[in-house]
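Student: I would like to learn how to read helix packing and nonpolar cores in a model like this one. Could we go through it slowly?

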Amino acid sequence: MGLGLLASRALRSSRILTSPNPRNTILRQIVSTPELQNPEAAQAQPESSPPDLPHRAPVAGARVHFSNPEDAIEVFVDGYPVKIPKGFTVLQACEVAGVDIPRFCYHSRLSIAGMKIKTDTPIAKKAREGVMEFLLMNHPLDCPICDQGGECDLQDQSMAFGSDRGRFTEMKRSVVDKNLGPLVKTVMTRCIQCTRCVRFASEVAGVQDLGMLGRGSGEEIGTYVEKLMTSELSGNVIDICPVGALTSKPFAFKARNWELKGTETIDVTDAVGSNIRIDSRGPEVMRILPRLNEDINEEWISDKTRFFYDGLKRQRLNDPMIRGADGRFKAVSWRDALAVVAEVIHQVKPEEIVGVAGKLSDAESMIALKDFLNRMGSNNVWCEGNGMHPNADLRSGYLLNSGISGLEKADAFLLVGTQPRVEAAMVNARIRKTVRVTEAKVGYIGPPTDLNYDHQHLGTSPLTLKEISENRHPFCSTLSNAKNPSIIVGAGIFEREDKDAIFSAIETIAKNCKAIRPDWNGLNVLLLNAAQAAALDLGLVPESKNCIESAKFLYLMGADDVSLEKLPSDAFVVYQGHHGDRGVYRANVIFPASAFTEKEGTYENTEGCAQQTLPAVPTVGDAREDWKIIRALSEVAGARLPYDTVSGVRSRMRAVAPNLLRVDEREAATFSPSLSKPESRQEISSEPFGNAVENFYMTDAITRASKIMAQCSAMLLKK
């Protein structure tokens, strides 16, 4: 805050073109040369850029995208010309020109107050030193014990722009630390009152948990009443805090950032595919941070994505095991375990062989499992979460067709049987952003929930959907008047008996409100799991609806949430996975597999964008990658698969689903009225929609093994 006041006083003599809206500010020149301080002299001189200007690299790889070439304007930063779009702030223009402006209050994704500055005049430099001296006046000198040390904005800017000494000799003030929960550690004496965390909580996370309390020297950040920060995005305040006031509680005193190896990969705990960086030291994952991806997660990640990593080292399966006659597991060699499974699989009929891929399965392992079971004569293979009869014929029937970033173009939403705040937190953040900026209307059909933005709760059962499809509901006018209506259907509907009737009603609504056009496809399905989209692309659809009931050989590839109540008691179960979770209790043989942090795998997110994980740490014990285990089993069983390398597996994938090989590209689904399914004769049930996710913090084998997620579940979900 002080920087703005001092800079405005120091530069009030300069002539600046301003606008009431900082987003619409148009800057013609930002100069600091003395000869142009006189406006008359500036007009008399011909406009020409200085010759032989050295090339400047943009700060932090900043890039400029011109959606319309006519919106480009040229500004001069210290005499250096740079083209920017209309609406850019001065700080953004300076970043593109390669000038790093010190700032604490400003963040590119939070609301701002306009600021016009010169970057290298003596007055500006003196103002910076003064502001830095004020900031450090009450700041404790505890950098050696601060977790932010080495990646602290205050450290960096103090070194680059501060003075070499301070003049403050009085007692520094101290502030009582706040308890924000099990994830965020507070040392509020370090706080510089930039209010980034307050603005993030209210603008992005949609919670009013933080605020500024007190006045003058007694001003401090805190909660209005003693309560925990309950947002599913709370961990992002750690990233945006420029000092060590808010740091990661699980990561406290564990490592320094220069000791860590960073690996750029993706998250698989939901179907969003958030871009992350895994920081590891040796064989252990130490922390997870977000990576910038404007189309998917921007620069935020959910708390589950950020803090589940301690589950990667708990309850791991290290060795192949066989259950003995006494019911206990015994560790054996890979050769013995594969031989036992190969012998059993030849003793059952092909139609009695069933395979189920888990939520975290990569595309390579799923195509290998499908190929192996096909060679054994079985077509009963599917992915948990997709149901027994998914609509896999058209990709538009199971993808988020608008795209995650495309949701910002919508001006009306109809949420059907989905709670995006717990199913896909980053998609929910996009919807909230759209509602906050454009005041888009939101209608919700499902169980009562808190979506952290204004919405109309239209009903709890599909009968409300039927009313809308028949134009008998007041919300029909909202959808009809919308320019870009968006209908988002939850993947939990895949498990319902009346799913065909529900999708038929939804398609009728989409047709009535013109949600599907050549320039806009607003009919969306929000998937729950990382493996679902790729599984449907690869054709993992079971041949028989009751195959579990008649199975004699069941192959569970990381599938822990499939119901085995109807499985015959004499069925032989193989569990292949990385954690000793629910599927292990029924298994006869266990194959230890690699987690997603230990292998290279392809995943497709809910909008149809293929992405790849990269190994950040070595595998645990004698574990192997999933597709390699299936490839070895196929050879022992006498049905050898025709690939030996990951490139060979991907060549096979290219023949089935070539879009999975176009990494980091979103393959939009083709949709036209001529491709729509025939109307269902099924009747819509009056059974209310249920909760697809009961516990946000525990949704798969890794998060259920996490001690941090268990603490969050116990403390933050208490009513």
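Student: In which sense, left-handed or right-handed, does α4 pass α5 in a crossing?

Tutor: Please keep in mind that this is a predicted model. In this model the crossing of α4 past α5 is left-handed. The axes of α4, residues 122–137, and α5, residues 153–161, come within 10 Å and cross at roughly 140°, which makes α4 oblique to α5.

Student: Which residues of α4 and α5 meet?

Tutor: From α4 come R128, E129, M132 and L136, and they meet L154, Q157, S158 and F161 of α5. Sorted by class, this contact holds four nonpolar, two polar and two charged residues.

Student: At roughly what angle do the axes of α10 and α18 cross?

Tutor: Helix α10 (residues 363–375) and helix α18 (residues 646–656) have axes that come within 10 Å and cross at roughly 75°. Angles of 65 to 115 degrees count as roughly perpendicular, so α10 is roughly perpendicular to α18. On the α10 side the contact is made by A363, E364, I367 and D371, and on the α18 side by V646, V649, R650, R652, M653 and V656. These residues divide into six nonpolar, no polar and four charged.

Student: Which residues touch the most other members of the largest nonpolar core?

Tutor: That core has 87 residues, and F200, F413, L415 and I431 touch the most other members. Leaving aside neighbours within four places in sequence, F413 is in contact with residues including L407, I431, V442, F475 and I488. A second, separate core of 47 residues includes A531, F591, I629 and L660.

Methods:
Residues numbered from 1 in each chain as written. Predicted model: local features only at pLDDT ≥ 70, side-chain atom pairs only at ≥ 80, totals over all residues. Heavy atoms only, no water. Core = buried A, V, L, I, M, F, W, Y, C linked by side-chain atoms within 4.5 Å. Buried < 20%, exposed > 50% of the residue type's maximum accessible area, 1.4 Å probe, protein only. Contact = heavy atoms within 4.5 Å. Axes fitted to C-alpha atoms, helices over the stretch in contact; angles between N-to-C directions. Helix = DSSP H or I, 4+ residues; strand = E, 2+ residues; numbered from the N terminus. Parallel < 35°, antiparallel > 145°, perpendicular 65-115°, else oblique. Left-handed = near helix turned anticlockwise from the far one by under 90°. Nonpolar A, V, L, I, M, F, W, Y, C, P; charged D, E, K, R; others polar.
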